[in-house]
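Hello,

Here is the structure I promised to pass on to you. Please have a look at it first, and then read my notes below.

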Amino acid sequence: MSAATLENLVIIGSGPAGWSAATYAARAQLQPLVYEGAISEKNRMAGTLPLGQLALTSEVENYAGFPHGNLGAFLDSALPKERRMMMAPHEGHGVTGPELMELMRQQAVNFGTRIVTDDILKIDFSKRPFTLQPADGPPVLARCVIVATGASANWLGLPSEEKFKNRGVSACAVCDGALPRFRNKGLVVVGGGDSAVEEATYLSKFASTVHLVHRRDALRASKIMAQRAFDNPKIKVHFNTGLTEVLGDDTQGVTGVRLTSTVGPQQESTLDVAGVFLAIGHTPNTAFLDGQLELTPKKYIVWKKHFRTETSVEGVFAAGDVADDYYRQAISAAGTGCMSALDAERWLAHQAAH
Ligand code: NAP
């Protein structure tokens, strides 16, 4: 087995926090190494493919610096041909999530960031240098680590949901919504937040009707997004309603859902639909830490000092949604990514001086 290499700074994760940290760290000559995650079916199903949650969204209207416009020529000039070829054509709108993430990745690469397309499965933060075990290849030693692994989509946990995953049940409308099985059919989106409204709006381009099923009597989504759902003639909002069973069969996959009212007597009804899309929040990707960093009760990494990205282990920093259950925006993740690189740089400089 080949010997472990010693890295200055390893960044785990490839969303806005990871790339922003990498760009700052690379410009500070820290030679960061990013583990961007593996391209695997397991990660696809879990929503943890490289480039994070933004790669699963459509247009991003609120990332500062990217107003509506034609970014086609810019994308052509900024990105390498081989990666550009894999992307959907730009259609003269605001920047999309995948476009924004490719631009962030490329910016980090331009300053010398090295990237490994693999997962880190295990870590040992009990002694320095830290040890990181990738899925494929020998362990990596690191003086300093930034954890920026984000969060991934939640599921309801119904056996019928599990049974029809990939056969009509999905947690990513942008990934799966355009599939022929969903065209001109009735679809269900579960949830009441911005993601649910965004998914319902996106799916309304393909579906005959989108049923937005929400457990309470008011949407959690921002006012502008909620209004979009109410104004869309193809979206029908079902308040005070829960999805209790996905119906289907082995040949067709999903054919319907059973709904149950969440207030009053538990009245049941069924809807004929061809797809079910979950948009019920996220869980931080911290399981691989195996209890070695202090976490909140909801399993988010704890920042130990106010307005600093330091974790409970000296030399390990956290950035983005993995440590933020409150703002959870691309731009705030990029901001804490920047902060984590500056914190790491100062910590490494302090170590070198002693
Ligand atoms: P969220 O705001 O946490 O909303 C999750 C929704 O799922 C809530 O309506 C919640 O209901 C419902 N829910 C949770 N668990 C459920 C369960 N077991 N069964 C049924 N319903 C359940 O999550 P999000 O929509 O993914 O948004 C996350 C963050 O990203 C937010 O800060 C949001 O603003 C942001 N975001 C922004 C945009 C945008 O600006 N374009 C787009 C997407 C997301 P309750 O309301 O009853 O709790």
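Predicted model: local features only at pLDDT ≥ 70, side-chain atom pairs only at ≥ 80, totals over all residues.

Let me start with the backbone. Most residues other than glycine have a negative phi, and most peptide bonds are trans. The peptide bond from Arg128 to Pro129 is cis, with omega near -5°. You will find Pro129 in the loop that runs between strand E4 (120-124) and strand E5 (130-134).

Gln31 is not a glycine, yet its phi is positive, near 45°. This residue sits between helix H1 (16-27) and strand E2 (33-35), in the loop there. Gln31 counts as partly exposed because its relative accessibility is 46%, between the limits of 20% and 50%.

Asp290 also has a positive phi, near 50°. Its loop lies between strand E16 (282-284) and strand E17 (316-318). With a relative accessible area of 63%, Asp290 is exposed.

Now to the surface. Arg215, Arg216, Arg220 and Arg328 come together there in a patch of positive charge. One of them, Arg220, belongs to the loop between strand E10 (209-213) and helix H9 (223-231). Its relative accessibility is 64%, so Arg220 counts as exposed.

Finally, a look at Ala73, which is part of helix H3 (residues 72-78). Ala73 counts as exposed too, at 60% relative accessibility. How far apart are Ala73 and Lys305 in space? From C-alpha to C-alpha they are 43 Å apart, with a separation of 232 residues in sequence.

Methods: Residues numbered from 1 in each chain as written. Heavy atoms only, no water. Helix = DSSP H or I, 4+ residues; strand = E, 2+ residues; numbered from the N terminus. Buried < 20%, exposed > 50% of the residue type's maximum accessible area, 1.4 Å probe, protein only. Patch = residues over 30% accessible without salt bridge, like charges linked within 9 Å, V, L, I, M, F, W, Y side chains within 5 Å. Areas by Shrake-Rupley, 256 points an atom, 1.4 Å probe, with all protein chains shown as cover. Salt bridge = Lys/Arg side-chain N within 4 Å of Asp/Glu carboxyl O. Lys, Arg positive; Asp, Glu negative; His and termini not counted. Charge placed at Lys NZ, Arg CZ, Asp CG, Glu CD.
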